[in-house]
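The structure is shown first.

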Amino acid sequence: MNEKMLTFPYLKPRVLATDLDNTIVSDKVPHTDLWETLALENTSLIYITGRYRQSAIDLIEREQLPKPDILICDVGASIYLGPSYELDQEWASNIKQEDFEQVNTIAKSIDIARQPIDTPWRLAYFASELQVQILKKAIKQHNLAVDLIFSSERDVDILPANINKGAALKYVLNKCNYDGEVVIAGDSENDLSLFNLGYPAIAVGNACEAILALSQNDHIHYAKGHASAGVKEIWEKLYTPLSQKIQ
């Protein structure tokens, strides 16, 4: 059976490529004020999340977020297009899972707990820093073709080598033949690959230490506000209307 060829969308003159949890969505900071500031008639949204597809869709619907032009899930391991969020099969073909079983065996041997998620595109665990160090060492010793991302002091994601949020964003921008303005936003360790792309980036006020440590990079803008308030704060600095600047 022939796979359905998906069409990548036209992207508007500006793109906000953003993480969701604790960057846009937060129990402490409402996000409703952000959307008018973004001027969505001129700005496309690419959501780039660690959540799996259904979890991300549930969050978008529950929080009444604007629908994204592109949804990137599983820390970059899966990409979805269109209003029904259909899987991009070309990117999926890059996901090499040959070493996942061996990683899972190692994780079980050191009592690392598997996260209860429904996705084939990555492995996800809860682990301590010590367990992570043991797992990293074993992965290196066995020369396994995977990357490990440790974030929020407990979350472990195992991805095929060189698959991450940054790689996925580069892929979709290329597929869209996009040459407009891109702004990144994020808060956690699994967003580092986005910040390393060199686009203007918003580090929200609640960003992790690993992102704070990138302060020598001129393209990264550090917000005082947390979550969506921080995104709004920096976006307004980047795109203050000329009429306001003259006043």
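## Basis

Two strands are taken to pair if DSSP finds at least two bridges between them. The model is predicted, and the pairing below is read from its coordinates.

## The four-strand sheet

With that criterion, four strands make up an open sheet, ordered β6-β7-β9-β8, in which the pairing is antiparallel. The edges are held by β6 (113–114) and β8 (146–151). Each of these has a single partner strand, so one side of each is left without a neighbour in the sheet. Leu123 has Ile158 of β9 as its bridge partner.

Helix α4 (residues 100–109) packs on this sheet and touches β6, β7, β8 and β9. The direction of α4 makes about 10° with that of β7. Helix α5 (residues 129–141) lies across β7, β8 and β9, and runs at about 170° to β8.

## The eight-strand sheet

A second open sheet holds eight strands in the order β5-β4-β3-β2-β1-β10-β11-β12, and its pairing is mixed. Its edge strands are β5 and β12 (220–222), each of which pairs on one side only. Helix α6 packs on the sheet, with contacts to β1 (14–18), β2, β3, β4 and β10 (181–186). The direction of α6 makes about 145° with that of β2.

Which sense of pairing joins β2 to β3? Strand β2 (residues 43–48) and β3 pair in the parallel sense, over three bridges. Within this pairing, Tyr47 has Leu71 of β3 as its bridge partner.

Strand β3 (residues 70–73) and β4 run antiparallel and are joined by four bridges. Ile70 stands opposite Leu81 in β4. The hairpin of β3 and β4 has four residues between the strands, and Asp74 there takes a positive phi near 55°. On the β5 side, β4 and β5 (residues 86–87) pair in the antiparallel sense over two bridges, and Tyr80 has Leu87 of β5 as its bridge partner. The hairpin of β4 and β5 also has four residues between the strands. In that hairpin, Gly82 takes a positive phi near 80°.

In a regular strand the side chains alternate between the two faces of the sheet. Strand β4 (residues 78–81) can be read in this way: Ser78 and Tyr80 point one way, Ile79 and Leu81 point the other way, and all are buried. Tyr80 also has a charged neighbour, as Arg53 lies over the face of the Tyr80 ring, at 5.7 Å from the ring centre.

## Aromatic rings

How many aromatic pairs does a search of the whole structure find? The search finds three aromatic pairs. One of them is Trp91 with Tyr171, which is tilted, with 4.8 Å centre to centre and 40° between the planes. Trp91 belongs to helix α3 (residues 89–92) and Tyr171 to helix α6 (residues 165–175), so the pair ties together parts that are 80 residues apart in sequence. Trp91 is buried, at a relative accessible area of 5%. Tyr171 is buried too, at 12%. Phe8, Trp91 and Tyr171 form one aromatic cluster.

Trp235 and Tyr239 form a tilted aromatic pair, at 4.7 Å centre to centre and 55° between the planes. Both residues of this pair, Trp235 and Tyr239, are buried. The charged end of Arg14 sits over the Tyr239 ring, 3.8 Å from its centre.

## Cysteines

A search of the whole structure gives zero disulfides. Cys73 is in no disulfide, and its nearest cysteine sulfur, that of Cys176, is 16 Å away. Cys73 is buried, with a relative accessible area of 0%. Cys176 is likewise buried, with a relative accessible area of 16%.

Key
Residues are numbered from 1 along each chain as its sequence is written. This is a predicted model: local features need pLDDT of at least 70, side-chain atom pairs count only at pLDDT 80 or more; totals for chains, interfaces and linings use all residues. Side-chain values use heavy atoms; hydrogens and water are left out. A disulfide is a pair of cysteine sulfur atoms within 2.5 Å. Buried means under 20% relative accessible area, exposed over 50%, partly exposed in between (1.4 Å probe, protein chains only). Rings of Phe, Tyr and Trp (its six-membered ring) pair if their centres lie within 6.5 Å; planes under 30 degrees apart count as stacked, over 60 as edge-to-face and the rest as tilted. A charge sits over a ring if NZ of Lys or CZ of Arg is within 6 Å of the ring centre and within 35 degrees of the ring normal. Contact means heavy atoms within 4.5 Å. Axes are lines fitted to C-alpha atoms, for helices over the stretch in contact, and angles run from 0 to 180 degrees between N-to-C directions.
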